Amino acid sequence: MPFNLFRKKIQENPTIIKYWRKNPKSIEKYQFIYHFLPHPKTKRRASLISNKAIFLYCSLIILIAVAFRIIPKFAPGVLGYASNINIKDLLEYTNKKRGDTGLSDLRLNAKLTAAAQAKAADMFKDGYWSHVAPDGAEPWDFILGQNYDYIYAGENLAKNFSTSKEVVEAWFKSPSHKSNLLGANYDEVGFAVVNGVMNGYETTLVVQMFGRPRQPSMVASVYEEKNVLEGQKSETLVAPVQGSQTSAAEEPAKVAIAPASPKVDVTIATKSISLAFGGFVGSLLAVDLFYSKKKGINKLTGQTFAHLFILLVVIAGIWFVLKPGIVL
């Protein structure tokens, strides 16, 4: 019985107080403790893991997921994936993976880096997440647009990651991306790490472009690699203003882009919600089983596990929908 209803009944019939005083056992089922512990008399689960409670938890999680999808449409940039990714670390982790398998290191090439920056800017500009642009432009178009004459070339994409290591590990775990990462036909690589808003979410796009120049003498030197890394230090994040090709005589115009600062980090929020709900309900279930065994409360627990399973499925579904870190 809700407390407000109970208080109203007392006001309407003062004699009820005498009843409660003479029957203290009847008070127990309204005690706060039975929100967390099973009732020894009625053989019922704790109210916080009752059918109604589980339904409420599932509804709340679904509501949060829907909100995470709707908010970006009305307030772009509020939700996002905060990251700490840079070209130097991407190059280091990429070459470490290659070194572990006996392959030579890739050199950082300025033209491939410019091509990767152009591709990232183009994806933000036209709002697409694909190797092929809506206008039909392919990765090779961006590479050739920087006057990079290649024999072999490849591209890896990533978004919504937090660190450089996570990006490279995700590429390494994907067979198609791994074949690029450990491609013996590649001598050089270029990276772009660009922040922006895509589909309403603040995110970081990472573009990795591989190549082998037609002339071996054109392979990037240590000096060129050093210049590219120094340029990235002076321009926190750089992206071409024009997302497509440029003429041979022209350098792509560049603009520094400030690091993303979403008000709500989707990764942290998703993990927190999942851990909060999972930990809370899991703890209640553990207490329920322990207390039932200790007090010898013989009750069917199949429904408890069934509803817990439903809750975990909902949490897993939300985690999958809002899953950070996607490679392409």
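I start at one pair: Gly 196 stands opposite Thr 203 in strand 5. Before going on, a word on the source: this is a predicted model, in which local features need pLDDT of at least 70 and side-chain atom pairs count only at pLDDT 80 or more, while totals for chains, interfaces and linings use all residues. Residues are numbered from 1 along each chain as its sequence is written, and side-chain values use heavy atoms, with hydrogens and water left out.

On the naming: helices (H or I, at least four residues) and strands (E, at least two) are DSSP runs numbered from the N terminus. Two strands pair if DSSP finds at least two bridges between them.

Now the sheet. Strand 4 and strand 5 run antiparallel, joined by eleven bridges. They form a hairpin with two residues between them. In that turn, Asn 199 has a positive phi of about 55°. Strand 5 also pairs with strand 3, again in the antiparallel sense, over nine bridges. There, Lys 159 stands opposite Leu 205.

Is strand 5 mostly covered or uncovered? It is mostly covered, since twelve of its 13 residues are buried. Buried means under 20% relative accessible area, exposed means over 50%, and partly exposed is in between, with a 1.4 Å probe and protein chains only.

Next, Asn 160, in the loop between strand 3 (150-159) and helix 7 (164-173). Its relative accessible area is 8%, so Asn 160 is buried. What does the side chain of Asn 160 contact? It makes a polar contact with the side chain of Thr 203, at 2.4 Å. A polar contact is a pair of N or O atoms within 3.5 Å; within protein, one must be able to donate a hydrogen and the other to accept it, and residues adjacent in sequence count only if both atoms are side-chain atoms.

Asn 160 also has a positive phi, about 70°, although it is not a glycine. Most residues other than glycine have a negative phi. Asn 147 is another residue other than glycine with a positive phi, near 60°. Asn 147 lies in the loop between helix 6 (139-144) and strand 3, and at 40% relative accessibility it counts as partly exposed.

On to charges. How many salt bridges does a search of the whole structure find? Seven. A salt bridge here is a side-chain nitrogen of Lys or Arg within 4 Å of a carboxyl oxygen of Asp or Glu.

Elsewhere, salt bridges that share partners join Asp 122, Lys 125 and Asp 126 into one network. Lys 125 meets Asp 122 at 3.6 Å, N to O, and Asp 126 at 3.2 Å, N to O. Lys 125 and Asp 122 are about one helical turn apart, because they are three residues apart in helix 5 (residues 110-126).

Last, helix 3. This helix has 24 residues and reaches 35 Å from its first C-alpha to its last, close to the expected 34 Å. The expected span is 1.5 Å times one less than the number of residues. The buried residues in helix 3 include Ala 53, Tyr 57, Ile 61 and Phe 68.

Val 66 is in helix 3 (residues 51-74) too, and is partly exposed at 40%.
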